[in-house]
Amino acid sequence: DSVFAAIAQAPEDPILGVTVAYNKDSSPIKLNLGVGAYRTEEGKPLVLNVVRKAEQLLVNDLSRVKEYLPIIGLAEFNKLTAKLILGDDSPAIQESRVATAQCLSGTGSLRVGAEFLAKHYHQRTIYIPQPTWGNHLKVFTMAGLSVKTYRYYEPTTRGLHFQGLLEDLGAAPAGSIVLLHACAHNPTGVDPTVEQWEQIRQLIRSKGLLPFFDSAYQGFASGSLDADAQSVRMFVADGGECFIAQSYAKNMGLYGERVGALSIVCKAADVASRVESQLKLVIRPMYSNPPIHGASIAATILKNSDMYNEWKIELKAMADRIISMRKQLFDALRARGTPGDWSHIIKQIGMFTFTGLNSDQVAFMTKKYHIYMTSDGRISMAGLSSKTAPHLADAIHAAVT
Ligand code: PLP
């Protein structure tokens, strides 16, 4: 008998499992709104033109080799990625106060940051929003942090539970880590306003909490790279410390290339340099060093002003298509006279709409309409098109009436 005979069957991942179920469905009208990956109007994955161009340049450059990268990754990429999130003129960069490590996309950056904190930080409690991306709890728990939640979303208004957020963070023990979505909060699509961010910043700084930003959607929320980085930049402008996990999965469409970075903004250059030396000790036994291809693509685009501008145009086109799908879905529900207030569909930000549909309604839509989404009622607007929006509106209408 196998020594593993007693191993229990694990459940599918709540997000990636949606695609597993979708793939098993043979209906021609099936629609996958589960996973957060961009699709074109034709429902196809998109490789950006500028990414193809960068890859061509890389392939044609015969001086490029496949040697190992350093433990913290491609130096050029690390410089450019810190500049992208913190801004061209960031004093923190000029003063060499930022330690950056290229990591395995957003998830890997979060994990390396969490492992570092578990080893080197005195306060091992991290507060994550309620709700949040399902993987946060697992990433931080596996790294050895203790996870608590703060109120974030108010179902009755389908907006921010700002009072609850301030109360919960206000009651957190000094030094606690706070996970913040830099923009386009997943799954709710609800972000604080600039004024609210400023109040959150003041509270976090006055209580001595440590902000850890998850930036998975820079440029994808508003179409502007700078606007979507504003929350992070407010926290860096005050001279305080923070962690930032960046992902290029969505904004460059580099999902499978696993391109991302962890930046730790410190108060002084000598601290940043010691932090970097310890980051290497965290990374070396995990995966030794990161892959070279994706980071080279990103660096090629970020350092060339023509390609950078081309990227910004393609990024804006993706963001605009998502925003226009919100409008189309909202209009389609209005045209059907679907009961309820659906204005949150056009108010929410980023890739997802948090519909407010419950798990029974989601199950109904999957069974009767072959529409797949996570059971919390989150739909990926990027998976929708002008052709499929009416079908989704029919399903939502039927589910709530
Ligand atoms: N953080 C949030 C909030 C996300 O939505 C995602 C992806 O869905 C990630 C992090 C990490 O994604 P990746 O590891 O593919 O960069």
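The entries run from the whole chain down to single residues.

Ground rules. I am working with a predicted model, in which local features need pLDDT of at least 70, side-chain atom pairs count only at pLDDT 80 or more, and totals for chains, interfaces and linings use all residues. I number residues from 1 along each chain as its sequence is written.

Overall form. I looked up the secondary structure and found 15 helices and 13 strands in the protein, taken as DSSP runs numbered from the N terminus (helices are H or I with at least four residues, strands are E with at least two). The C-alpha atoms fill a box of roughly 60 × 60 × 55 Å along the principal axes. I then checked the radius of gyration, taken over C-alpha atoms, against the globule rule of 2.2 Å times the number of residues to the power 0.38; the protein has 21 Å, which agrees with the value near 21 Å for a compact globule because the chain has 401 residues.

For contacts I require C-beta atoms, placed from the backbone, within 7 Å; among contacts between residues at least 6 apart in sequence, 76% join residues at least 24 apart.

Strand E3. I followed E3 (residues 125-130), which runs parallel to E4 (residues 146-151) and is joined to E4 by six bridges, where strands pair if DSSP finds at least two bridges between them. The chain crosses from E3 through helix H6 (residues 135-142) to E4 in a right-handed β-α-β crossover, meaning that the path from the first strand over the helix to the second runs clockwise with the strands pointing away from the viewer. Ile 128 stands opposite Thr 149 in E4. E3 also pairs in the parallel sense with E7 (residues 177-181) over two bridges, and there Tyr 127 stands opposite Val 178.

Ligand. I listed 13 residues around the ligand, with Ser 105, Gly 106, Thr 107, Ala 216 and Ser 247 the closest, counting a residue if its C-beta atom, placed from the backbone, lies within 6 Å. H5 gives the most to this shell, with three residues.

How values were computed:
Two residues are in contact if their C-beta atoms, placed from the backbone, lie within 7 Å.
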